[in-house]
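Please read them alongside the model displayed below.

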Amino acid sequence: ETYKSRVSICQEHLYAGESYELCLTAPTRITLRNLPGLHPRRNHQLNPAPHAGYLLLHPTTLVASSPERFLSFSRPPGATFQLRPIKGTVRKAPDITHAVAKKELRGSPKEVAGNLMIVDLIRHDLHAVVGQDVDVKQLCTVEEYST
């Protein structure tokens, strides 16, 4: 019932034109005790994502692993902000080469529309934060990750 209520609120925001995409998520809390195998190196072996983190704050440990870079930036002068969202995936298989995946993703109106939408959202949000024009250097680039 709570979830349905939240969906209705999201729909109201969409109808009001405040956004054209909302992602309704819920926080997840997992409690694990006495797991000596939960270690940054072990996590990287299991999921070799290029962006990962391990933060030990007794008694809490935060473990993160993702192929998606949320945000990177350099300091001024010449500050650069980079967000690299991932939209669209192709399951790896022996007959799915990088070229096949690229053709499949770039040839899909749904995947291209998803990319355009998320890039537009990011440009808008980043402009609101940095107050400058935002240049898109790459669009709909197909990258391969081992995860």
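1. Ser 72 belongs to strand β3, residues 69-73; helices (H or I, at least four residues) and strands (E, at least two) are DSSP runs, numbered from the N terminus. With a relative accessible area of 24%, Ser 72 is partly exposed. Setting aside residues up to four places away in sequence, Ser 72 touches Thr 80, Phe 81 and Gln 82, where contact means heavy atoms within 4.5 Å. Ser 72 and Leu 139 lie 67 residues apart in sequence, and their C-alpha atoms are 17 Å apart in space.

2. On the basis of the values: this is a predicted model, in which local features need pLDDT of at least 70 and side-chain atom pairs count only at pLDDT 80 or more, while totals for chains, interfaces and linings use all residues. Residues are numbered from 1 along each chain as its sequence is written, and side-chain values use heavy atoms, with hydrogens and water left out.

3. The loop between β3 and β4 contains Pro 77. The peptide bond that joins Pro 76 to Pro 77 is cis, its omega being near 0°.

4. Helix α1 (residues 2-15) passes a similar check: 14 residues should span 20 Å, and the end C-alpha atoms are 20 Å apart. Each helix is followed by a glycine with positive phi: Gly 131 after α4, near 70°, and Gly 17 after α1, near 80°.

5. Which residues of α4 are buried? They are Glu 111, Gly 114, Asn 115, Ile 118, Val 119, Ile 122 and Leu 126. Viewed down the axis of α4, these buried residues fall within an arc of 125°, so they line one face of the helix; the arc is that of the directions from the helix axis to the C-beta atoms. An α-helix has 3.6 residues a turn, so residues three or four places apart point the same way. The cover over the buried residues of α4 includes β4 and α3. On the face turned away from the buried side are the exposed residues Pro 109, Lys 110, His 124 and Ala 128.

6. His 127 also lies in helix α4 and counts as partly exposed, at 39% relative accessibility. Apart from neighbours within four places in sequence, His 127 contacts Gln 132, Asp 133 and Val 134. In the segment after α4 is Cys 140, a residue other than glycine whose phi is positive, near 60°.

7. The largest pocket holds about 1,300 Å³ of space. On a 1 Å grid over the protein atoms alone, a pocket is an open set of points where a 1.4 Å probe fits, with protein on both sides within 12 Å along at least five of seven lines, and lining residues have an atom within 4 Å of a point. Grid points are joined across faces, edges and corners, and the volume is the space filled by probe spheres set on the points. The lining comprises 45 residues, of which Leu 83, Arg 84, Pro 85, Gln 138 and Glu 143 lie nearest the centre of the pocket.

8. Which elements each supply at least two residues of that lining? They are β4 (81-84), α3 (98-106) and α4 (109-130). The largest share, eight residues, comes from α4. By class, the lining has 22 nonpolar, 11 polar and 12 charged residues.

9. Two further positions may be inspected. Ala 49 sits in the loop between α2 (40-46) and β1 (51-57) and is buried, at 3% relative accessibility. Its C-alpha atom is separated by 7.3 Å from that of Tyr 145, although these residues are 96 residues apart along the chain. Ala 99, in helix α3, is exposed, with a relative accessible area of 54%. Between the C-alpha atoms of Ala 99 and Asn 47, which are 52 residues apart along the chain, the separation is 24 Å.

Methods: Ala, Val, Leu, Ile, Met, Phe, Trp, Tyr, Cys and Pro count as nonpolar, Asp, Glu, Lys and Arg as charged, and the others, Gly among them, as polar. Buried means under 20% relative accessible area, exposed over 50%, partly exposed in between (1.4 Å probe, protein chains only). The expected span of a helix is 1.5 Å times one less than its number of residues.
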